[in-house]
Amino acid sequence: MKILTKLLLIVVLLVVYAMTLVAFFHPDVTPKYQAYFIDHTLSEWSPKHYSSDPEQGMHFSKPGLPDWVESVYGFSFREDWGRWTDAFATTDPSIAFTQPFTGQICVYLVAGPAPALVGKSVSVRMGEERETLPFACAEPKEYRIPFHLAGEASRLEFVMSERPPREIDFAPNNNDTRRLGIAMSYLAIRRGSCADTTNAGGNPQLSVKEK
Amino acid sequence: MSQADTHLVGFLFAIVYLGEWLRSCNWRPLFRKEDLNKLIGLMLCPLGMALYMLYLYHWTGDAFAQLHVQAAWARFVENPLLVLRVCLRGKQWLQFGALTAIGGLLASVFLLKLRKPELAVYLALSILIPLAGGISGMARYLWWQPPFLYVVYVGVRGRAAAWAIYMAFAGGFPSIMSFSWFSGHYFVI
């Protein structure tokens, strides 16, 4: 009888552990939870949104996100000048918009590369369209990236050909463990051709035209 | 026991328990009456943690929510050796945490030398697992661990001077930590 009780206890414990394994391997969470807490690709859980439109742009140093940006993926924490992308969880950082864009648009971006990306280029993708963003030097510049979107696109993605190294491995004096990619300060999207428009957000500092 | 309810201690203790059991029967468990008792004992070790994971799964859908929620404080699982490397190049308390972890790992090696492999594995994992999440609070992951206290015991046994130094340190260090806690220093968590 005692042995039967012990065997029954073992069976009960096995069932508990089997259930735990099933729960472990099959999380039942929302895509947002998965992206932020498990995959670490979503950069902010519940950002506050401030009033802005795509033409006014998005300052990456400003707390929160503009109305037209739903969420950002693959970005590090906010700094005084803006935000680095960090390939810790994803090599393809992206910005998801609340509204889709279509037709001819111009993406203004003030950005600079991490030391490991100087001299290399990054693909910028919106919908089915893909453009190249060349990083010739380390200084941040204004880039104007034209897109002719045949369909709707609600996400701007930066596709890196390889995972950037950790700063601590690339620069021996640097104690930063992040896998820095692009330092972004400002982003705006205007309808029409890049040639038709003036500087991003009317900001006179953003006068270097790379593309 | 309360630690085993919600922490990895239960799983780690199961490793020690299994090692000790297998060694005691020359690595050939026969599953006789007494072995059945030992098997139940082994299966009870991580039970608290398993039930807690099921509880979390029930409420959040994520059995590992207690680990994943660390993302809210920007704490992610990293290579423990990388964490050590960064901290050794960091400021004083980071260096202290790194040296504490290294001291604990050396104590694990010492336990192997003492032919206590289960305790060595337990201690090493007790250090490496939290180290993967960062150096914060490393002191509390080491100083109360029974295998480490055993190493201390072996070290000071029969040496009055060493015993006195250890007692002074064991009394003084928590005092510093307590003072630091109440004065808002971040390294005490």
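Chain A is assigned domain 1 (1–39) and domain 2 (43–202), with bounds that come from an automatic or database domain assignment. This is a predicted model, where local features need pLDDT of at least 70, side-chain atom pairs count only at pLDDT 80 or more, and totals for chains, interfaces and linings use all residues. Residues are numbered from 1 along each chain as its sequence is written, while chains are lettered from A and ligands numbered from 1 in the order in which they are written.

**Exercise 1.** Find how far apart the C-alpha centres of domain 1 and domain 2 of chain A lie.

**Exercise 2.** Describe the make-up of chain B: how many helices and strands does it have?

*Solution.* 
- Step 1: Count the DSSP runs (helices are H or I, at least four residues; strands are E, at least two; numbering starts from the N terminus). Chain B comes out with 11 helices and 0 strands.
- Step 2: Get the extent. The C-alpha trace of chain B spans about 55 × 50 × 30 Å along its principal axes.
- Step 3: Check burial. Of the 189 residues in chain B, 25% are buried (20 or more other C-beta atoms within 10 Å of the residue's own, with C-beta atoms placed from the backbone).
- Step 4: Look at contacts (C-beta atoms, placed from the backbone, within 7 Å). Among those in chain B with a separation of 6 or more, 60% join residues 24 or more positions apart.

**Exercise 3.** Work out how helix α2 (residues 9–24) and helix α8 (residues 117–131) of chain B pack.

*Solution.* 
- Step 1: For α2(B) and α8(B) the angle is about 165°, and the axes are 8 Å apart.
- Step 2: Name the arrangement. Because of that angle, α2(B) is roughly antiparallel to α8(B) (the label applies over 145 degrees).
- Step 3: List the residues. L12(B), I15(B), V16(B), G19(B) and E20(B) of α2(B) are in the contact, and α8(B) brings residues including L119(B), Y122(B) and L125(B).

**Exercise 4.** Which helix of chain B gives the most to the side that touches chain A?

*Solution.* 
- Step 1: Size up the contact: 23 residues come from chain B and 23 residues from chain A.
- Step 2: Pick out helices of chain B that each supply at least two residues: α3 (33–44), α4 (47–60) and α6 (80–88).
- Step 3: α4(B) gives the most, with 5 residues.

Terms used
A residue is buried if 20 or more other C-beta atoms lie within 10 Å of its own, exposed if 12 or fewer, and partly exposed in between; C-beta atoms are placed from the backbone. Two residues are in contact if their C-beta atoms, placed from the backbone, lie within 7 Å. Axes are lines fitted to C-alpha atoms, for helices over the stretch in contact, and angles run from 0 to 180 degrees between N-to-C directions. Angles under 35 degrees count as roughly parallel, over 145 as roughly antiparallel, 65 to 115 as roughly perpendicular and the rest as oblique.
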